[in-house]
Structures are given as C-alpha cells and as structure tokens.
Amino acid sequence: MLTVPFGEMKRAQPSFLNAIESSVDRRRRPRPISRIRLETLLADDRQSCVSLPQGSTMPHADAVLDEVFGDQYEPEGAVMEPKEEETVKVCLRLRPYTKMGGRMSFKIKENTLIARCQGENLSSSEKHYTFSNVFEDNVSQAEVYDCCIRPTIRPTLGEPGATFLTYGTSGSGKTYTLLGNEGQPGIVPRSIEQIYEELYDHISTEPSLKMECMKPIPLSDESVLDELRKLRTIKTRLGQGCEESQALISDIIQSQHQFQPLDMGDKRVFIWISFVEIYNENVYDLLNLDGDYGCKRKPMKVLSNDGNAYIKGLSTLYAGTKEDAYNLLQYGLQSATYGATDVNSNSSRSHSIFTVTVITHSVSTQRISQSVYKFCDLAGSERLKKTGTFGDRLKEAQKINTSLLVLGRCLETVHKNQKTKKIHDLVPVRDSKLTMIIQSALLGKEPMTMIVNVYPTEEFYDENLNVLNFSSIAKQIVISKQPKIMKAPHSTRYSFFLSQAMGSPSSKIDTNQLLVEYENLKQENDRLIAEAEQKNAEIDCLQKKLVIQEFQLRNELTDNFQQHFANMEESFQLRIQSAQELAILPFKHQMASLEKKLKSKEQTIMEMEDEQDDYERKLKAYEEELNKYRLQQSRVRRLSV
C-alpha cells in the first residue's frame, strides 16, 4: 500500500468530468444513511448506564452519540458493502473426452479444479481454481440446470432478472449446454418450460403491455393484431414439422423437473422475446421479419438509458405460449452465423443473446415490474494455429477474441474497484457491443451465472488456463445490493428526547425515567403500527371498491352511449327520409307535367298517322285513275292510226 507523508498531502481538486454523487454534500460532509434506533442503547448485550460497575465513570455524551450514530453516516468515497455478499456464480462443466490414450490435465477435488500439465510443464506448480459447482462429464443437463439456473429464475419476486453466460474454448460444449439437443435439452428450453409452467394461469393471451426504452407502453388494438400477425408469419415460415419436436422436448423436461404453477393473485404476466447476435462487432436482429432472405442485414445501435442498455429498433415479439417461445428460438437460430474450423465443424461465429422479458402487472395496485433474463452463448476463444482459420474466418476470430478480451478487462476492472473503497478505473463496457448489452450484470447490478466449459485435454491446456483465469476473476465479483439512503433525521420528539437524555448532567440518575419513556414510546409505536396496518387494509378495501365502481361506471357509460347513439341514428334516419321526400317532390311535379306533354304528343302523332293513312289511300286512288287514263290514251292512238 502506497503511503504519503502527512506534509505532502494535498486537498483533492474538484472534478468537472466526474460529478459528485447525489448522496454526498457539496461541502463533502457525511450524510445519514439510517435512522436512530433507541434499542441499540438499551440492548441487553451492550453495556448501558444501569450496568456500569462501581467506580467507573459515565461516558461523555459525545462518545455515546458517536457509538449510536457511528453506523448512521458514510464517509466520503466509502463503498456500501452488503451484509451478505453475493458473488457471481461460476460453474465448471467438463466435456467428455473419448480419445484413446489421452491423459487428463485436470483433477477435481470437491468444487476445486487442480490444473497441471503432464507434458512439457512438469516442473510448473499446480494451479487451483475454486468454483460454485463443478460438473464432471457424466452430469446430466437436468442436474446442471437445477444447480445453476433454476434458483435464479424468480419472476414473481419483482427482481430485475439475471444474465447467464456459457464461456469456453471453441468446441468445448457451450452451445450444447445452452441449447442441447432433442434428447437432452439445454438450459434455454428448460428455462422456457419453468417460466411458462410456473406462470401458466396468469399469462395474458393478448400482448396489451410492452416495454419500450425501459418504459411500459400499453398497446392499441391495431398493435395487438400486428404482434399476433408476426407470430403467425414465423409459424408459417417454420412449417409443420417443428411441433412434434417441441412436444417431445417439453415432455422430457417436464418428466425431469415437474414444474408447478405459482399463485400470484390478481397479477397478469406478459412475456416478450428478442434474439440478437454480435457478428464482427455488429449487432444484428435474428427475429426481423421485414427483410427478405439473402439480403444484406443492417447493423443496429446499442443505446443506454439510466445505465440500462437497449438496442434501438430491436424486434421484440410476444410469446403468449411456450410453443410461441420455441418457435421464436428456432426461427432465430436459423438466422445465426455458423462456420467450420479445424476444431469444430459447426462453430458459432458470433455471440448470440436470447432475451426473455417477463412483465408483471398487478390489477389492484396498478404496479408494473419486469424481469429480464439474458442467455448468452459466447463464441469460443480461438488460437489461429489450431483452428486453421483464414480469410473471413480469420476476421471473425479476431473480432471474437477482441470482444472476449474486453469482457475480461471489464471483469478485472470491476473486481479491482470492489476491492477498494474508492473507484480507481472506469469499467470499459463501451469498448465492445457484448459488454454494452450485458453491462448491468458486469457492473454487479443483477445476478450473473457463468457456466465455464472445458475440454480436458493436453492439446488445449494453455487455452483452458486462460479460460480458468478469466472465470476465477468473475467469481470474485460481488453483486451489489443498492442500499436505501435515508434522509437525515429531523427534530422529532424521539430525537429530541434522546439528545436531552444523553446530554443532560442528570442522565446518571434518570435511567428509570428513560426506561419508562422508552416503554411508552414503544407502546405508542406499536399502536401506530397497528393503526397503519388497519389504514392500509382500509385503503386496499377502498381500492377494490373503487375498481368495482369504476368497472360499473364504465359499463353504465357504455350502455348510455350505446343508447344515445341508437337514438341519434334513428333521428338521423328520419331526417334523411324527410329530406329525401322533400328533394323528390319537385321532380315528381316535373315528371307529371312531362307525362301530360308526352300524352299530348302521342295523341298528335296518332292523328298525324291517321292523316298519313288517308293520304296514302287517296294517292293509290289517283294512281289507279292515272293508269286508266293512260290506257285510254293508248287505245285512242291505236285507232287513229
């Protein structure tokens, strides 16, 4: 520890980059963090004024006050440590090694892994790594889930959620631990089964509530229909063959765990799912339905709101049933990036993060809470000589190793800052997209569980040592429980009485009066607590009555509006009918006059037709007479000749 001579100590200069914490006074004076408790003075296990031995002197009032209020103030720069430190849970899982003639490089002793290379490094000392749990190669997926994941998934308690990481070298079994196969499901399918089976009776069938930018947003009817349409689109694209596989996986998990529904009262649950991958330090949405297959994907931005990271424009789809959750998981896996290397024929070339958001809404209290569970499948760290990567695979490996290096730096910085009372270094969460997304877990704000996968062979001894060193740092990180900062106690009857009792010269002989007053205050406190509980019960009853009255009022208003609209519709129909009749009336008169004119014209036409017939008859008679005259003239001419 570096010491500075007293004469060389300088006053700290104010910083304009790092703002003063809200719990620190401008003049850097300590502020109270808890209230005064009189019981600490009169506890049996502490020395009080009554139990002073003969010949001893009464301690000074300031000394007693320092003892009472010593735990109440926090010095400048101090870090609140939780009473029960909860560290990051790091579990080790060994992959089965079936190569003939190979020798194990590791030994297991309870929860400790002893690493010692049996080749060139015989002279090196053994290295011991302690884990929360160690699972050998014969441990089943169900045991791993029960020990590592199941106790952490507690959406009904209003906790912020948790982050689960699978970490290890390429080909060590990370994806198998996370996803498994049809016969041995991984932790993600088992988590889906646990969430949906325990919350079965309270999950809403319609997605009417959603979280956007860390804020609850009620959805309109059009948005609800759009979300349901997206689920139907994904189901159509997957086809009909996945239902049998999902049913088989569900039956296997249920037979191994037997999840039971939980009683949550009047709470409603909304479950939303998102799925992203980080490929070459770009974030891509695996549940995007707008783009076509084969088209170039658009990278997304990672933003932060009050220290909580979120991805702008990320597709978060509603999963009202576990079948919907399985469909979303399978659809996202089809879009993930995989590639072949010399170590693994189906190696993950990206970090994938499957997120399940459980929103809980209490109908009676109108309180909304959410629990976010992130399942991260980290791409394996690679050594280029062994994986044989080149070209695009080489670029992918470089990006993967860089992001994992940043992750290790973040964990190391957090651990270093937690060991001392003052924060020395800034955690570089912004140096990588992976650390930005999971920064809440890295900073110790929420539980984090890391399952370290190791392939126990001499060939990967050096790579496994790097993985173990990384995990040993992660295990020492403390999950901080945010302390409730209380305001400074005001001048109340209690504090006034205490200060008078401790500061008066007659405090040596007023202990009986102090005890009597304490008992009176205790009884008054109990009475006030009982009264407060009674008032809370009355408030709950009134809230329920208010909800019922509001429901009845809404129904009455709905009925009144429906009747009013029906009356308005009837009056409008009458007005429309009268308006139509008034509009048709002048046209009826015009039609009558036109019909009269038409009849007169028809009569005239008939008379003219009769005259035409007479003229035609007269014309025929004239033609006949003309023909007779011509015949007579022709005869006369012949006789004259």
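Helix H6 runs over residues 221-238 of this predicted model, helices being DSSP runs (H or I) of at least four residues, numbered from the N terminus, and strands being runs (E) of at least two. From its first C-alpha to its last, H6 reaches 26 Å with 18 residues, close to the 26 Å expected at 1.5 Å a residue, where the expected span is 1.5 Å times one less than the number of residues.

| State in H6 | Residues |
|---|---|
| Buried | Val224, Glu227, Leu231, Ile234, Leu238 |
| Exposed | Asp221, Glu222, Leu225, Arg232, Thr236 |

An α-helix has 3.6 residues a turn, so residues three or four places apart point the same way. The exposed residues are on the other side of H6.

The buried residues of H6 pack against several elements, including strand E8 (209-212), helix H7 (242-257) and strand E10 (267-279), a contact meaning heavy atoms within 4.5 Å. Just after H6, Gly239 takes a positive phi of about 90°.

The chain as a whole has 15 helices and 20 strands, and 36% of its 641 residues count as buried.

Residues are numbered from 1 along each chain as its sequence is written. In this predicted model local features need pLDDT of at least 70, side-chain atom pairs count only at pLDDT 80 or more, and totals for chains, interfaces and linings use all residues, while side-chain values use heavy atoms, leaving out hydrogens and water.

Terms used
Buried < 20%, exposed > 50% of the residue type's maximum accessible area, 1.4 Å probe, protein only.
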